[in-house]
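Me: Please walk me through this structure in short questions and answers.

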Amino acid sequence: MLLLKTVVVITLIVYCSSSYSCPGVWEFSLGTSCYKFLNGNYTWVEASVQCRLIGGHLAMITSKEENAFIRGYAVRHQSHYSLYRFWLDGKDDESENHWYWDWNAVPIKFFNWNPGQPDNAGSRQDCLTFFTGGTWDDYMCDGVSHAICETEYVDTNTII
Ligand SMILES: *[C@@H]1O[C@H](CO)[C@@H](O)[C@H](O)[C@H]1NC(C)=O
Ligand SMILES: [Ca+2]
Ligand SMILES: [Ca+2]
């Protein structure tokens, strides 16, 4: 019984100390995701490559809560991001106004468009961007934006 209690206590300690801190370059977390903002000026493809180089992908925002959380970070750090625009992982390049996440090819269901968007301006806005204020805009894929990367959090500490 004492042994069992000891095992339970140790398990709890290991579990609790393995909080949701993000490894390496990743900056902050929500649920099982970690995020990192990049303040370089990238095309969509360049941004996607940058996120993959650090073990993630462009962010896939799938709920109001996740959008609000990322907006909060963007607003608090807006002095570092002069363009006020960030690439997300979404595209509608295959069929106009059929938006999907490039990373997993899943159709996008949650949207938070800025008023008047998406407008496919110039008939060539097929990549998704996020404004510091939290709303979305379709934008030219070869335009220039900062980026929001995301990776799924892997909790190595629970492997005892
Ligand atoms: C990105 O572009 C903006 C606007 O043109 C400029 O002010 C900023 O210095 C650029 N940032 C980098 C890292 O080149
Ligand atoms: Ca489009
Ligand atoms: Ca647009």
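This is a predicted model: local features need pLDDT of at least 70, side-chain atom pairs count only at pLDDT 80 or more; totals for chains, interfaces and linings use all residues.

Reply: Residues are numbered from 1 along each chain as its sequence is written, while chains are lettered from A and ligands numbered from 1 in the order in which they are written.

Me: How many helices and strands are there in the protein?
Reply: Helices (H or I, at least four residues) and strands (E, at least two) are DSSP runs, numbered from the N terminus. Their order is α-β-β-α-β-α-β-β-β-β-β. The count is three helices and eight strands.

Me: Why is strand β4 largely enclosed by the rest of the structure?
Reply: A residue is buried if 20 or more other C-beta atoms, placed from the backbone, lie within 10 Å of its own. Strand β4 spans residues 85–91. It is largely enclosed because its buried residues number six of the seven.

Me: Which residue of β6 is the bridge partner of F86?
Reply: Strands pair if DSSP finds at least two bridges between them. Four bridges join β4 to β6 (residues 127–131), and the two run antiparallel. The partner of F86 is F130.

Me: Which residue in β8 stands opposite F86?
Reply: β8 covers residues 145–152 and pairs with β4 in the parallel sense, over two bridges. Opposite F86 stands H146.

Me: Which residues are around ligand 1?
Reply: A residue counts as near if its C-beta atom, placed from the backbone, lies within 6 Å of the molecule. The residues around ligand 1 are G40, N41, S82 and L83.

Notes
A residue is buried if 20 or more other C-beta atoms lie within 10 Å of its own, exposed if 12 or fewer, and partly exposed in between; C-beta atoms are placed from the backbone.
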